[in-house]
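Let's take a friendly walk through this model together. Have the sequence and the coordinates open as you read.

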Amino acid sequence: MNKYLLTIPAMAIALASQAQQGSPLTSKDYEHAESFMSYNVAPFIDRADVRPNWLPGDKFWYRVLTAQGSEFVLVDPVKKTREAAFDHEKLAQVLSAASGNKYEANMLPFQTISFSADGKTLSFSADGKHWQYDLGTDIITPGADKGKTERGGFQGRRGKTEEVLSPDGNRAAFIKDYNLWVRDVKTGNQTQLTTDGIKDFGYATDNAGWQSSDAAILRWSPDSKKIATFKQDQRKVNSMYLVTTNVGSPTLKEWKYALPGNEIAMISRVVIDVDNAKVIALQVAPDAHRATLSDDISSSGTFDDVDWNADASKLAFVSTSRDHKNEKFRIADAATGAVKEIFEETVKTQYESGWGAINWKYLAKTNEIIWFSERDNWGHLYLYDALTGKVKNQITKGDFVVTKLVKVDEKTRTIYFIAGGLEKENPYFSQFCKIGFDGKHFTVLTPEEGNHNVTFSPGGNYFVDSYSKPDVAPVTILRDMSGKLLADLEKGDVSRLVATGWHAPTPVKLIAHDGKTDIYGLVFTPTKMDAGKKYPVIDYIYPGPQGGSVGSWSFAASRGDNQSLAELGFIVVVIEGTSNPLRSKSFHDMSYGNMSENTLPDQIASIRQLSAKYPMDTTKVGIWGHSGGGFATAAAMFRYPDFFKVGISESGNHDNRNYEDDWGERYDGLVGNSDYAAHANELYAKNLKGKLMLAHGMMDNNVPPYNTLLVVEALEKANKDYDLVIFPNSQHGYGAYSPYMMRRRWDYFVKNLLGVDPPHEYVLKSKTDPRNR
């Protein structure tokens with residue numbers, strides 16, 4: 001083994017002693033548990049992570065971690081070759097000589113490289129200097145300073161400029177004094193495009209209540225001459241307030257944050273002729289939403305629910321009703337602002353556009369629209385006539401879900417998409433597929449078993465596919481868009497990790513609380529289990545309904561601290577319950593109108609089923625979660641107090657009357673149509689029997705801390721004991737304080753569920769993989 005790599009510590013080989021009832025856990029026990037955290041298991045995983053860096057001609061390079069260190073690989077899809085990106089040994093020699101430091105071929109002091117346009121020179125940074133390496137002559141020289149952003153360079157949406165660059169790269173749009181401006185990238189000259197923007201009624205403003213920034217939300221036209229955006233009216237929207245904790249007077253933070261039933265922000269859509277600084281208002285009533293998604297894609301720095309045609313004469317867009325039950329597809333004349341309504345779709349619950357993508361496409365050349373709908377109970381694609389608004393044909397069919405529309409080839413009339421539900425083993429495994437506009441020639445391009453993650457070449461001719469399972473390491477290959485295998489790239493190797501005592505979680509298939517619906521999950525058990533002993537259970541939960549507890553069904557050697565908790569003497573379960581997404585429409589809607597169900601009946605049913613196979617002590621069940629999981633945890637402790645005995649509720653939206661409007665109104669319905677009060681956790685706090693810890697960041701602008709304080713107040717009124725952890729200046733995530741929260745979580749379960757004392761104030765010791773130093 002290379003001397004720069006970590007040796008396997010004795011404590012990671014020898015399993016920590018199992019605590020007997022009444023015997024306290026020691027720091028050694030916690031050290032053993034911590035050895036299963038990501039920063040400790042990562043150094044023992046080889047060839048598992050491939051991130052292509054694309055070059056001209058669809059070539060790409062990647063760096064892969066090995067048992068000895070790392071390698072840089074260059075792939076040419078045209079030639080179907082995979083080879084070393086350079087002579088590692090030679091570069092190590094010349095760099096050592098030039099820098100005065102000793103380097104080895106498999107432990108080079110950089111992680112990123114760049115090639116010259118002709119591919120003959122390599123550039124990288126090491127030892128605080130920039131170097132250029134001639135691949136033909138093996139001559140290395142100090143290069144130009146590449147550390148500073150060149151003038152006119154786009155720094156990214158969350159960078160200092162908060163600009164959105166035009167497709168041709170010549171102009172950047174930004175907000176100034178509530179109006180939209182553009183900056184000429186070459187000259188730096190700034191031009192004001194709008195003049196009537198005012199506070200709380202400005203152009204392109206990024207505020208979705210729980211997601212906000214100074215970025216401009218807009219969509220440039222393909223010719224870089226027009227901008228599609230909106231003027232957002234927040235003047236009647238209530239404000240939310242948070243106060244910093246500091247020595248001296250606190251700072252009051254205020255922003256617009258509508259609650260269910262309140263006045264909400266409305267957007268008036270516009271097209272801006274950039275060359276003439278002319279604003280064309282679209283002739284349509286203001287919309288309640290700027291995108292149909294519920295996650296942060298709606299604040300992605302682009303304008304998601306719009307689509308330009310090629311010559312920017314038309315703008316297609318979708319208007320979503322406040323309750324997400326109605327979608328109107330419209331096309332605007334970009335010159336006049338005239339709007340034609342093409343068709344609409346109305347559903348009983350909530351319309352789903354897709355997951356992480358807007359799954360529709362306007363095809364102006366053929367006057368067609370590709371549209372996503374769950375009208376047959378599954379998420380599928382439909383072909384519409386853009387002139388008549390009539391359905392021409394259903395494109396995809398079957399008991400599976402189109403999760404992402406990836407690419408539309410109008411010449412061959414072929415659609416490329418990601419689908420879930422095609423593999424019998426697990427409906428959450430995703431695959432990359434293609435199909436004709438007419439619904440014929442359906443082809444799965446990634447036929448191997450497992451969950452597939454694909455990355456596409458800039459030219460659109462190739463893709464890198466990494467497929468795996470929760471308990472099977474990834475394999476990475478290269479294919480062309482017909483699905484033809486071009487090269488085997490890497491096969492993940494966890495043999496060194498297994499040698500430390502690690503084992504993967506066990507995927508399980510269970511039956512939901514209704515007694516008939518299949519649900520899926522993962523079980524984490526201690527690496528050493530005592531025969532005849534029963535283990536307390538910890539249920540990690542995130543109920544969605546826009547996501548689920550498992551999150552990714554790909555391989556992950558460490559999923560948070562689930563295995564670490566198991567090592568402390570627990571069996572940990574993670575269950576995707578009914579109402580989680582990526583299944584059928586009826587599955588997703590099973591708790592519509594009552595989010596407070598939180599998949600809890602499924603969690604209980606699953607644990608009872610698992611106890612027939614695993615040595616679980618179902619008289620000692622704990623539960624924890626963050627955000628929606630915090631909401632679910634408190635609900636579990638209050639509504640099922642005889643089943644769940646210990647809970648840790650982090651940053652929960654305990655009363656959706658106190659959370660942003662678009663969340664509850666989408667999944668519970670509008671106020672008046674849904675009994676929000678009946679779903680509020682504080683109303684059931686009096687039922688608490690077990691041990692409950694609440695935690696919240698006091699500067700949480702996603703789920704305001706008043707949600708947890710409502711529960712605190714109710715517990716005190718009911719004369720109930722509870723524990724509280726607050727992070728005075730933290731937002732929704734606890735940032736630097738996350739290790740502290742994790743340690744407190746371990747301590748709480750060890751003391752109250754396992755029934756023994758934890759070590760006093762153990763310090764988690766995060767590390768860096770030595771191969772990445």
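**A threonine in a loop, and a pair of helices**

The side chain of Thr244 comes to 2.8 Å from the backbone nitrogen of Thr251. Keep in mind that this is a predicted model. To place the residue, look between strand S18 (239-243) and strand S19 (252-256): Thr244 sits in the loop that links them. A second polar contact, of 2.6 Å, connects the side chain of Thr244 to that of Asn246.

Is Thr244 buried or exposed? Its relative accessibility is 16%, and because buried means under 20%, Thr244 counts as buried. Setting aside residues up to four places away in sequence, you will find Thr244 touching Pro250, Thr251 and Lys253, along with Met699 and Asn729.

Now turn to the helices. Two packed helices are described by the angle between their axes and the distance between the axes. Here, helix H2 (residues 27-34) packs with helix H12 (residues 738-754) at an angle of about 125°, and their axes are 13 Å apart. H2 and H12 are therefore oblique to each other. The crossing of this pair, H2 and H12, is right-handed.

Which residues make the contact? From H2 come Tyr30, Ala33 and Glu34, while H12 supplies Trp746, Asp747 and Val750. Sorted by class, the contact of H2 with H12 has 4 nonpolar and 2 charged residues, and no polar ones.

Key
Residues are numbered from 1 along each chain as its sequence is written. This is a predicted model: local features need pLDDT of at least 70, side-chain atom pairs count only at pLDDT 80 or more; totals for chains, interfaces and linings use all residues. Side-chain values use heavy atoms; hydrogens and water are left out. Axes are lines fitted to C-alpha atoms, for helices over the stretch in contact, and angles run from 0 to 180 degrees between N-to-C directions. Helices (H or I, at least four residues) and strands (E, at least two) are DSSP runs, numbered from the N terminus. Angles under 35 degrees count as roughly parallel, over 145 as roughly antiparallel, 65 to 115 as roughly perpendicular and the rest as oblique. A crossing is left-handed if the near helix is turned anticlockwise from the far one by less than a right angle, and right-handed if clockwise. Contact means heavy atoms within 4.5 Å. Ala, Val, Leu, Ile, Met, Phe, Trp, Tyr, Cys and Pro count as nonpolar, Asp, Glu, Lys and Arg as charged, and the others, Gly among them, as polar. Buried means under 20% relative accessible area, exposed over 50%, partly exposed in between (1.4 Å probe, protein chains only). A polar contact is a pair of N or O atoms within 3.5 Å; within protein, one must be able to donate a hydrogen and the other to accept it, and residues adjacent in sequence count only if both atoms are side-chain atoms.
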